Structures are given as structure tokens and as C-alpha cells.
Amino acid sequence: MRTREIAVRAGLKLSEYGLFDAGTNDLIVSETEEQVYDRLGLPWIAPPLREDQGEIEAALDGSLPALVTVDDLKGDLHSHTDLTDGTASLEEMVRAASARGLSYYAITDHAPNLFMQRMTDEKMLAQRERIRALQAEYPGLTLLHGAELNIDPDGEVDWDVGFLSGFDICVASVHSHFTQTPEEMTRRFVRACENPHVHVIGHPMARLIGRRSPVDADWDEVFRCAARTGTAMEIDSFPDRLDLPSDLIRRARRLGVKFAIDTDAHAVGHHRNIRYGVGTAQRGWLTPDDVINTWPLDRLRAFLAKPTP
Ligand SMILES: [Zn+2]
Ligand SMILES: [Zn+2]
């Protein structure tokens with residue numbers, strides 16, 4: 001632990017009981033973490049940053065990030081209803097989003113190429129009508145109609161440009177062909193990012209912790225493309241996903257990528273998972289400015305317009 005080394009060099013001893021003089025064993029401070037850090041000549045470092053990933057150096061030169069918090073989030077950009085594999089109705093999911101105090105909320109049910117979800121154009125358009133009608137009951141919560149598209153093995157997605165342009169937002173995710181070579185997988189993500197109708201890459205590594213390994217890609221190349229095309233990378237808050245994980249978040253951030261911290265909620269109770277996504281983002285050093293769903297709606301909409309290449 002780096003803070004213990006710093007203590008030793010200063011002739012001190014740091015343990016879970018406090019900070020001691022190494023010679024006399026006298027207790028110096030033990031009340032608060034702030035006191036301990038202060039005596040070591042450091043500002044307090046938030047627990048999610050304590051991974052020896054440069055936080056000591058950042059603390060010393062005053063460049064620790066002001067980490068994103070749950071309260072910073074203004075919206076959720078990925079959720080499902082019982083129109084596909086969610087268990088709650090549109091109305092129930094919107095009520096839950098409203099109870100979270102969000103100011104915008106995207107419904108993103110699965111697109112037709114995930115065949116078992118039996119999505120059709122007609123069902124999607126009928127859902128849009130229901131959302132527009134429901135909007136009248138929620139003056140403080142802007143409802144966005146979206147979809148979770150499937151990135152096929154070549155990087156193409158569901159529907160044609162005409163249909164896609166009817167959505168407010170599209171998340172696009174890998175749901176099949178997980179074992180492509182890294183070259184194929186990289187090309188697949190790059191192609192998806194270059195699609196002007198793809199705004200967020202959902203659960204990018206497609207891992208299920210303990211059940212499915214992450215897909216393999218040249219992530220730096222994917223992240224560079226995401227940054228260039230204005231495509232956000234998702235941090236999926238599901239406890240068995242936590243995808244992107246914090247090490248890749250840090251890499252992506254250095255390459256200029258923006259992020260969306262989403263619940264991918266399939267039930268009302270899943271909204272509570274958001275804290276795991278935020279915790280992962282904190283371990284990835286993200287500030288509110290890095291996270292598009294902390295932004296006011298007009299700034300988000302400008303981002304969703306994507307730059308024309
Ligand atoms: Zn998905
Ligand atoms: Zn989803």
C-alpha cells in the first residue's frame with residue numbers, strides 16, 4: 001500500500017489503528033482519514049481511487065478528479081419494458097424513473113434481430129405513441145424513445161436509416177458471435193461507432209461475470225474511434241456486468257471518450273443498481289463532465305446529433 005510506504009519514509013507507521021511514530025510507537029492521529037492523509041502531506045483520497053493507479057501523484061500535484069456521484073445523474077439512457085424481456089410495464093418503469101428524480105429517461109427495448117424478443121416495426125411504433133401520450137403525465141421528466149440495437153458480426157445494426165432516424169437515442173450492443181477474432185471484433189465496434197444512428201455502445205465487453213468472458217478487441221482502437229465519432233461507451237450497472245470495467249474506463253477516458261452510466265433496467269428494482277455503475281465510474285476516475293447523462297438535456301441532444309464525418 002503506497003500510503004504505508006510514504007509513512008515509513010517519514011519515520012511513521014500506518015495501520016488500521018492509526019498513524020504512529022515508528023521510533024516511540026506513540027499514536028499521532030487516528031480519528032479521521034483526513035487527519036491521517038494530512039499528516040502524510042496528502043489531501044484525502046476517495047476510497048474508489050485507492051488502487052495505486054496514479055492517485056498519490058495526482059493528490060500531490062492537486063489534480064485529483066471531482067468524482068461523479070449518483071446525484072449528478074440527470075437521466076438513464078438504457079432500459080427495457082415487458083414489450084421485450086423486461087418484467088414491468090412502460091408505465092411502471094417510467095414511474096420508477098420519475099421517483100429517482102431524473103429529468104430524462106430513455107426506453108430502449110430490444111430490436112428485431114434478437115429474434116427471441118419478437119420485436120416488430122409495428123410494436124415499436126405503437127410503443128412510441130404510448131410514450132408520447134404518457135409524457136403528458138410527467139412534465140418534469142422528458143421521455144426519450146430509443147432502442148437497443150444488435151451489432152451484427154459485420155458491425156451493422158437493425159433497421160434502415162429511415163426507421164432509425166425516428167428514435168431519440170439508440171444503444172447498440174453485441175448480443176451474439178462473442179468469439180470473433182480481436183481483429184474482427186475491433187472492426188465490428190468501429191463500424192458500429194461510425195454509424196450516425198448509434199449513440200451509445202451498450203455493455204461493450206459483453207461479459208457476464210462468472211458466466212461469460214469478455215469479448216476480445218483492440219480496445220484502444222475502438223476507444224479512439226468512439227472519441228472521434230462522438231459515440232459514448234456505456235457503464236452498465238448490472239452487478240454481473242459492470243461493463244465497462246474501471247481499468248478500461250481509465251484507458252478510454254485518456255483517449256477522449258465520453259460515457260453513459262445506465263441501469264439497463266429490466267425491472268423496477270433494477271433502478272437501484274445505478275450505484276454499482278457509479279462506483280465503477282468512480283474507480284475509473286470519471287467526473288460529471290465525462291458522463292453524458294449528467295448533462296442537461298440540450299447538451300445531451302447536441303451530443304446525440306453526432307458530428308458529420
Ligand atoms: Zn444488451
Ligand atoms: Zn439492455
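Where does Leu-244 lie? Leu-244 is in the loop between β9 (232-236) and α9.

## Basis of the model

This is a predicted model, in which local features need pLDDT of at least 70, side-chain atom pairs count only at pLDDT 80 or more, and totals for chains, interfaces and linings use all residues. Residues are numbered from 1 along each chain as its sequence is written, chains are lettered from A and ligands numbered from 1 in the order in which they are written, and side-chain values use heavy atoms, with hydrogens and water left out.

Helices (H or I, at least four residues) and strands (E, at least two) are DSSP runs, numbered from the N terminus.

## The zinc site

The zinc ion (ligand 2) is coordinated at 2.1 to 2.2 Å by His-78 (NE2), His-80 (NE2), Glu-148 (OE) and Asp-264 (OD). Donors are N, O and S atoms within 2.8 Å of the metal (3.2 Å for Na, K and Ca); water is not among the atoms, so sites may look incomplete. Along the chain, the donors of this ion have the spacing H-x1-H-x67-E-x115-D. Glu-148 also bridges the zinc ion (ligand 2) and the zinc ion (ligand 1), which lie 3.5 Å apart. Glu-148 lies in strand β6 (residues 142-150) and Asp-264 in the loop between β10 (259-262) and α10 (274-283), so the pair ties together parts that are 116 residues apart in sequence.

Glu-148 is buried, at 1% relative accessible area, and Asp-264 is buried at 3%. Buried means under 20% relative accessible area, exposed over 50%, and partly exposed in between (1.4 Å probe, protein chains only).

## Helices α9 and α10

The axes of α9 (residues 246-254) and α10 come within 8 Å and cross at roughly 55°. This makes α9 oblique to α10. Axes are lines fitted to C-alpha atoms, for helices over the stretch in contact, and angles run from 0 to 180 degrees between N-to-C directions. Angles under 35 degrees count as roughly parallel, over 145 as roughly antiparallel, 65 to 115 as roughly perpendicular and the rest as oblique.

Arg-253 is found in α9 and is partly exposed, with a relative accessible area of 29%. Beyond its neighbours within four places in sequence, Arg-253 is in contact (heavy atoms within 4.5 Å) with Phe-259, Gly-284, Trp-285, Leu-286, Thr-287 and Asp-290.

## Backbone exceptions

Most residues other than glycine have a negative phi, and most peptide bonds are trans. A cis peptide bond joins Asp-243 and Leu-244, with omega about 10°. Asp-264, not a glycine, has a positive phi of about 55°. Trp-159, also not a glycine, has a positive phi of about 70°.
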